[in-house]
Amino acid sequence: MTFQELIRARHSVRRYRPDPVPQDLLSRVLEAGRIAPTACNLQAFSLIVVTEPGMRRRMQAVYADDWFWQAPVLLVGCAEPAKAWKRRDGWNSAEVDLAIVMDHVILAATEAGLGTCWVCAFNEAKTKEILGIPPQVRVVAMTPLGYPDVSPRPVGRKPLAQLVRRERW
Ligand SMILES: Cc1cc2nc3c(=O)[nH]c(=O)nc-3n(C[C@H](O)[C@H](O)[C@H](O)COP(=O)(O)O)c2cc1C
């Protein structure tokens with residue numbers, strides 16, 4: 001699969017087969033996150049892999065839709081702002097770093113034939129309670145991971161002319 005084919009093959013998957021994700025595929029997907037760039041290479045992030053059925057069922061409390069916790073794997077992307085790069089004006093790279101990590105993970109999963117869906121509409125406080133995440137860590141994004149049980153309908157995008165400005169705003 002070329003990169004162009006890969007980025008067009010990724011779609012949000014909102015229904016998963018219960019079949020487990022083979023360990024070698026999961027490792028390959030996580031490795032793609034490990035090698036993602038972060039500001040100043042500070043790598044102030046953690047990915048929590050949730051596969052145990054009891055834990056996944058508890059994660060039902062953090063997001064409204066059942067397809068989320070019913071996927072065989074949940075990947076929870078966390079960032080630690082205190083350990084991430086700060087610009088002189090105070091801006092912190094932790095969430096951008098984590099977004100790049102998640103995108104690597106999601107594209108590697110797509111290449112492996114696995115479905116994913118960015119999920120940010122979760123309850124962060126409940127997530128932290130269930131997974132024992134320390135107070136200074138932010139939960140930035142999650143994705144279920146598993147074999148798709150649907151053929152997702154491609155969602156349209158704005159034309160490039162609406163998204164790209166030449167030379168200035
Ligand atoms: C930062 C971010 C947060 C998202 N949060 C959710 C979410 O909580 N629930 C959901 O079903 N989809 C969520 N999505 C998926 C988007 O709705 C989806 O990517 C978009 O509609 C384009 O569809 P596609 O991914 O199939 O190309 C999120 C996507 C992004 C990038």
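**Helix α2 and its surroundings**

User: What span does α2 have from its first C-alpha to its last?

Analyst: Helix α2 covers residues 23–34, so 12 residues, and reaches 16 Å, close to the 16 Å expected at 1.5 Å a residue. The expected span is 1.5 Å times one less than the number of residues. Helices (H or I, at least four residues) and strands (E, at least two) are DSSP runs numbered from the N terminus.

User: What kind of model is this?

Analyst: A predicted one, where local features need pLDDT of at least 70, side-chain atom pairs count only at pLDDT 80 or more, and totals for chains, interfaces and linings use all residues. Residues are numbered from 1 along each chain as its sequence is written.

User: Back to α2. Which residues are buried?

Analyst: Leu26, Val29 and Gly33. They cover an arc of only 65° around the axis, which puts them on the same side of α2. The arc is that of the directions from the helix axis to the C-beta atoms. Buried means 20 or more other C-beta atoms within 10 Å of the residue's own, exposed means 12 or fewer, and partly exposed is in between, with C-beta atoms placed from the backbone.

User: And which exposed residues sit on the face turned away?

Analyst: Asp24, Ser27 and Glu31.

User: What covers the buried ones?

Analyst: The cover includes strands β1 (45–50), β2 (73–79) and β4 (138–146), plus helix α5 (94–111). Contact here means C-beta atoms, placed from the backbone, within 7 Å.

User: Zooming out, how many helices and strands does the chain have?

Analyst: Seven helices and four strands. From the N terminus the order is α-α-β-α-α-β-α-β-α-β-α.

User: How much of the chain is buried?

Analyst: 28% of the 169 residues. Among contacts with a separation of 6 or more, 81% join residues 24 or more positions apart. The C-alpha trace spans about 50 × 40 × 30 Å along its principal axes.

User: New topic: which residues are around the ligand?

Analyst: His11, Ser12, Cys117, Trp118, Val119, Cys120, Ala121, Pro152 and Val155. A residue counts as near if its C-beta atom, placed from the backbone, lies within 6 Å.

User: How does that shell divide?

Analyst: Seven nonpolar, two polar, no charged. Ala, Val, Leu, Ile, Met, Phe, Trp, Tyr, Cys and Pro count as nonpolar, Asp, Glu, Lys and Arg as charged, and the others, Gly among them, as polar.

User: Last one. Where is Glu129?

Analyst: In helix α6, residues 124–131. Glu129 is partly exposed, with 13 other C-beta atoms within 10 Å.

Definitions and conventions:
Contact = placed C-beta atoms within 7 Å.
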